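Student: Take me through a close-up of one part of this model, please. Then carry on to some other spots.

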Amino acid sequence: MKTILLIEDNDDIRDNTAEILELANYKVLTAENGKTGVEMALEHLPDLIVCDIMMPVLDGYGVLHLLQKNPKVEDTPFIFLTAKSERGDFRKGMEMGADDYITKPFSGTDLLNAVESRLKKSELKKQVLPADMEGLQQLLLTATGANPLKKLMEEGNTDKYKKKQLIYQEGNRPTSLYFIEKGRVKTYKVNNDGKELAVNLYSAGEFLGYVALLEGSNYHENAEALEACELTAIPREDFEALINSNREVAQQFIRLLAKNITEKEQQLLHLAYSSLRKKVAEALLFLKKKYHHVTDQPFSIDISRENLATIAGTATESMIRTLGDFRDEKLLEIKQGVITILNEQKLANLVN
């Protein structure tokens with residue numbers, strides 16, 4: 001049960017507001033002035049504070065100022081109650097760090113909606129969500145109780161792609177955000193000599209192409225189906241409308257971008273300083289981490305040597321030779337082109 005501290009000098013308003021909150025299954029603490037309210041906040045550490053502005057002894061602005069100086073309650077959601085509607089009062093409170101305003105007279109629905117919304121946002125701040133699509137889905141459900149991205153996916157067009165079919169090309173202007181329903185996709189760049197370098201790998205349940213959309217730029221890489229795929233295209237305009245209207249969604253996509261940058265930095269370090277055997281071992285372990293969902297069985301993958309070489313950042317001939325060495329050393333097994341990791345620990349030892 002969440003605890004709410006209500007600071008209000010008017011007896012009738014305080015009693016009626018407390019009753020509404022208690023009926024909504026909140027534990028309510030009440031204070032008749034700002035000084036008592038600050039003392040109760042520090043003693044009980046409520047989950048949210050609802051505070052009148054115009055009060056004797058210490059007004060609402062003073063309460064907010066004192067609480068923000070104390071680390072124990074500085075992040076507690078704070079909602080002002082005020083009979084004033086002048087624009088300057090709203091601006092002053094928001095500049096001081098208030099989370100919301102409720103103008104008197106207010107309905108029970110207005111009060112409960114504001115309280116519920118601020119408690120949800122407070123929960124989001126406390127969560128350490130993974131910077132991946134699972135984290136994004138969790139965030140959407142916590143923030144809105146629904147998944148607006150899922151709705152966009154249901155309304156989008158789903159297209160099928162054959163193995164090695166190009167999904168989008170470097171330099172083109174993005175028109176859609178892609179969601180992978182089935183299959184695997186690689187993104188890659190090609191240098192002036194025609195050599196490919198893998199940028200990233202994506203699988204079912206992940207989004208594709210959002211970097212260019214967020215930057216407002218053209219695609220920086222090519223995207224190609226590693227196998228038969230089904231992708232849902234979400235129109236650019238719909239995606240931008242969601243990003244612009246939902247700060248939490250935008251922030252989570254920014255976390256995805258930051259995660260991608262960190263991964264690319266590690267990839268560049270490996271390409272620059274790793275030995276051939278280490279590069280191949282890292283590529284195999286990367287694929288296992290990315291695609292191994294059945295953990296009680298050895299990891300197997302059907303991938304062309306060219307694609308594996310692109311991921312490892314080495315020549316195809318070198319990849320084939322190193323895979324042969326690993327097979328002779330019983331680190332892996334190769335049957336009809338399918339690679340199965342037999343000794344993950346020894347591969348990991350090559351990397352570490």
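Tutor: In helix 2, residues 34-44, the buried residues are G34, G37, V38, M40 and A41. Buried here is under 20% relative accessible area, exposed is over 50%, and partly exposed is in between, with a 1.4 Å probe and protein chains only. Looking down the axis of helix 2, these buried residues sit within an arc of 165°, so they line one face of the helix. That arc is taken from the directions running from the helix axis to the C-beta atoms. As background, an α-helix has 3.6 residues a turn, so residues three or four places apart point the same way.

Before going on: this is a predicted model, where local features need pLDDT of at least 70 and side-chain atom pairs count only at pLDDT 80 or more, while totals for chains, interfaces and linings use all residues. Residues are numbered from 1 along each chain as its sequence is written, and side-chain values use heavy atoms, with hydrogens and water left out. Helices (H or I, at least four residues) and strands (E, at least two) are DSSP runs numbered from the N terminus.

What do the buried residues of helix 2 pack against? Strand 1 (3-7), strand 2 (27-31), strand 3 (48-52) and helix 3 (60-68). Contact means heavy atoms within 4.5 Å. At the start of helix 2, N33 has a side-chain oxygen that reaches to within 3.1 Å of the backbone nitrogen of K35. Just after the helix, L45 takes a positive phi of about 50°.

Helix 3 has buried residues of its own: G60, Y61, G62, V63, L64 and L67. At its start, a side-chain oxygen of D59 comes to within 3.3 Å of the backbone nitrogen of Y61.

On to K186, which lies in strand 9 (residues 184-190). K186 has 4% relative accessibility and therefore counts as buried. Its side chain makes a polar contact with the side chain of E196 at 3.0 Å. A polar contact is a pair of N or O atoms within 3.5 Å; within protein, one must be able to donate a hydrogen and the other to accept it, and residues adjacent in sequence count only if both atoms are side-chain atoms. Leaving out residues up to four places away in sequence, K186 touches E196, N200, L201, N222, A223, E224, L226 and N307. One of these, L201, stands opposite K186 in strand 10. Strand 9 and strand 10 (residues 196-203) pair in the antiparallel sense over seven bridges; two strands pair if DSSP finds at least two bridges between them. Their hairpin has five residues between the strands, and in it G194 takes a positive phi near 85°.

Strand 8 (residues 176-182) has five of its seven residues buried, so it is largely enclosed by the rest of the structure. Strand 8 pairs antiparallel with strand 13 (residues 229-235) over six bridges, with S176 opposite P235. Two bridges also join strand 8 to strand 11 (residues 207-208), again antiparallel, and there F179 stands opposite F207.

Next, helix 12 (305-312) and helix 13 (316-328), with T314 in the loop between them. The two helices pack at an angle of about 100°, with their axes 9 Å apart. Axes are lines fitted to C-alpha atoms, for helices over the stretch in contact, and angles run from 0 to 180 degrees between N-to-C directions. Helix 12 and helix 13 are therefore roughly perpendicular; that label covers 65 to 115 degrees, with under 35 as roughly parallel, over 145 as roughly antiparallel and the rest as oblique. R305, E306, L308, A309 and A312 of helix 12 make the contact with T316, M319, I320 and L323 of helix 13. T314 is buried, at 12% relative accessible area. Not counting residues up to four places away, T314 touches K195, L276, A309 and M319.

Last stop, an open sheet of three strands in the order 14-16-15, with antiparallel pairing. Strand 14 (300-302) and strand 15 (332-335) are the edge strands, each pairing on one side only. Direction ignored, neighbouring strands of this sheet are turned by 20° against each other on average. Strand 15 and strand 16 (residues 338-341) run antiparallel and are joined by four bridges, and K335 has V338 as its bridge partner. Strand 15 also holds E333, which at 30% relative accessibility counts as partly exposed. Beyond four places in sequence, E333 touches V338, I339, T340 and L342.
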